[in-house]
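Please have the viewer open as you read.

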Amino acid sequence: MDRLDRDIVKVLFTQEVIKDRIAEMGKEISDAYADSVPLLVGVLKGCALFMSDLIQQISIPLEIDFMAVLSYEGRKQSNGTTRFLKDLDFVIEGRDVLLVEAIVDTGMTVGYIIRNLQARQPRSIRLCTLLDKPARRIIELPIDFRGFDIPDRFVVGYGLDFNQLYRNLPYIGILKDDVIGLNRQRKKNGEKKQKIQFYPLT
Ligand code: IMP
Ligand code: MG
């Protein structure tokens, strides 16, 4: 993966460390829902790898569903609303819903999703995230299952992207500053402006 690895300044969590932590999370979730058949709702696309590994570590019956919303990433200001790009397939009324996210940053995206899902009257709604970046939190959220706390740096890999790339890295790493600055650089050079205002949540 040379063409991807060279853009990473530091590996935060190796494939093995991620795998071990997810095994622990799977046990916690299995215990928490011992008397229920929860519906795990993944937020696309960032959750794809996490969801896949997590459910294999959960030993109780469960169902899965997915949703996609427009992300706040790249937007300086927000009024706290967003838009669904893909809604759930299932009705969640009366269900125990576990929202599965790859990362909670400001909390605005997940805050919006939880408000929206709550209106559909599930029996319960809990939040599971692999990564938590608490330094940037704007919306206070109770995180029920958390993989790792991370510093206020832009990370990629294991499902997380920068401009849609790096999702296939099997580890999580901090992206080099000069890679993140690429858009600014391109604009300065008069190249075609990259669309960074809105793109599907990852
Ligand atoms: P929010 O700020 O909590 O609403 O996070 C919005 C979305 O931004 C997340 O779901 C991720 O898709 C993305 N995001 C936030 N921080 C990072 C990061 O460090 N790497 C990759 N994506 C991120
Ligand atoms: Mg993204």
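What follows covers a strand, a helix and some aromatic rings.

This is a predicted model, in which local features need pLDDT of at least 70, side-chain atom pairs count only at pLDDT 80 or more, and totals for chains, interfaces and linings use all residues. Residues are numbered from 1 along each chain as its sequence is written, and side-chain values use heavy atoms, leaving out hydrogens and water.

Seven of its nine residues are buried, so β6 is largely enclosed by the rest of the structure; buried means under 20% relative accessible area with a 1.4 Å probe, protein chains only. Strand β5 (residues 96–104) runs parallel to β6, joined by eight bridges (strands pair if DSSP finds at least two bridges). Here L99 stands opposite L127. On the other pairing, β6 and β7 (residues 145–149) are parallel with four bridges, and L131 faces F148.

Helix α4 has eight of its 11 residues buried, so this helix too is largely enclosed by the rest of the structure. Among the buried ones are Y112 and L117.

Now the rings: the whole structure holds three aromatic pairs (ring centres of Phe, Tyr or the six-membered Trp ring within 6.5 Å; planes under 30 degrees apart are stacked, over 60 edge-to-face, the rest tilted). Two are tabulated here.

| Pair | Centre distance | Plane angle | Class |
|---|---|---|---|
| F13 and F148 | 4.0 Å | 20° | stacked |
| F84 and Y112 | 5.8 Å | 45° | tilted |

F84 lies in strand β4 and Y112 in α4, 28 residues apart.

Methods
Chains are lettered from A and ligands numbered from 1 in the order in which they are written. Buried means under 20% relative accessible area, exposed over 50%, partly exposed in between (1.4 Å probe, protein chains only). Helices (H or I, at least four residues) and strands (E, at least two) are DSSP runs, numbered from the N terminus.
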